[in-house]
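Welcome, and thank you for stopping by. Please take a moment to turn the model around before reading on.

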Amino acid sequence: ATLQTLGTDQISDMVTHGIDLAQQTESMLRNQPEWEVVTPTQLAIVKFCYAPQRITPQQQDEYFSAHDGEGFACVLTTQLKGRTVLRICPIHPETAENDICHTIQRMYQYARALKKERVSNFS
């Protein structure tokens, strides 16, 4: 039904948009030292984690195993080689580069808040 409604050209444009946006997302993440791209973009999926210096993989897993439920963006967790990593797939046709920037910024704020919470719990 979607193919009949939209046509092959529009679906092709939507897929291309999603892949391009995922590649831009990967580039943004690679330019920020707090983030680690775990696997290069595949189709329209980027797998990454919060990885500031002096943080163990176990601490990385803890930061995002309980994902924030604000509903701002659909950033999911997945298991990759025994690690919990974040996964974003920006395929919605109305998603723009600015939305991705804002999502990464919110994820950073979330990670920083979790880190502060963890430190204050041990004080």
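Let us begin with a cysteine: Cys89 is partly exposed, because its relative accessible area is 29%, and partly exposed covers the range between buried, under 20% relative accessible area, and exposed, over 50% (1.4 Å probe, protein chains only). Cys101 also counts as partly exposed, at 35% relative accessibility. The structure holds zero disulfides, a disulfide being a pair of cysteine sulfur atoms within 2.5 Å.

A word on what you are looking at: this is a predicted model, in which local features need pLDDT of at least 70 and side-chain atom pairs count only at pLDDT 80 or more, while totals for chains, interfaces and linings use all residues. Residues are numbered from 1 along each chain as its sequence is written, and side-chain values use heavy atoms, with hydrogens and water left out.

Now for the sheet. Four strands form an open sheet with antiparallel pairing, in the order E1-E2-E4-E3. Here strands (E, at least two residues) and helices (H or I, at least four) are DSSP runs numbered from the N terminus, and two strands pair if DSSP finds at least two bridges between them. At the edges sit strand E1 (35–42) and strand E3 (76–80), each of which pairs on one side only. On average, neighbouring strands of this sheet are turned by 35 degrees against each other, direction ignored. E3 and strand E4 (residues 83–88) run antiparallel and are joined by five bridges. Across this pairing, Leu80 stands opposite Arg83 in E4.

What packs on the sheet? Helix H2 (residues 8–30) does, touching E1, strand E2 (45–50) and E4, where contact means heavy atoms within 4.5 Å. The direction of H2 makes about 155 degrees with that of E1; such axes are lines fitted to C-alpha atoms, for helices over the stretch in contact, and angles run from 0 to 180 degrees between N-to-C directions.

For a closer look at E2, find Ile45, which has its place in that strand. Ile45 counts as partly exposed because its relative accessibility is 24%. Leaving aside neighbours within four places in sequence, Ile45 is in contact with Ala22, Pro40, Arg87, Ile88 and Cys89. Ile45 and Glu26 are 19 residues apart in sequence, and their C-alpha atoms are 9.3 Å apart in space.

Next come the rings. A pair of aromatic rings is described by the distance of the centres and the angle of the planes. The structure holds three aromatic pairs; rings of Phe, Tyr and Trp (its six-membered ring) pair if their centres lie within 6.5 Å, and planes under 30 degrees apart count as stacked, over 60 as edge-to-face and the rest as tilted. One of the pairs is Trp35 with Phe48, edge-to-face at 5.5 Å centre to centre and 70 degrees between the planes. Because Trp35 lies in strand E1 and Phe48 in strand E2, this pair ties together parts that are 13 residues apart in sequence. Both Trp35 and Phe48 are buried.

Tyr50 and Tyr108 have ring centres 6.2 Å apart and planes at 65 degrees, so this pair is edge-to-face. It links distant parts of the chain, with Tyr50 in strand E2 and Tyr108 in helix H4 (residues 97–121), 58 residues apart. Tyr50 is buried, with a relative accessible area of 1%, whereas Tyr108 is partly exposed, at 27%. Ring pairs link Trp35, Phe48, Tyr50 and Tyr108 into a cluster.

Finally, which residues touch the most other members of the largest nonpolar core? Of its 17 residues, these are Leu29, Trp35 and Phe48. A nonpolar core is a set of buried Ala, Val, Leu, Ile, Met, Phe, Trp, Tyr and Cys residues joined through side-chain atoms within 4.5 Å.
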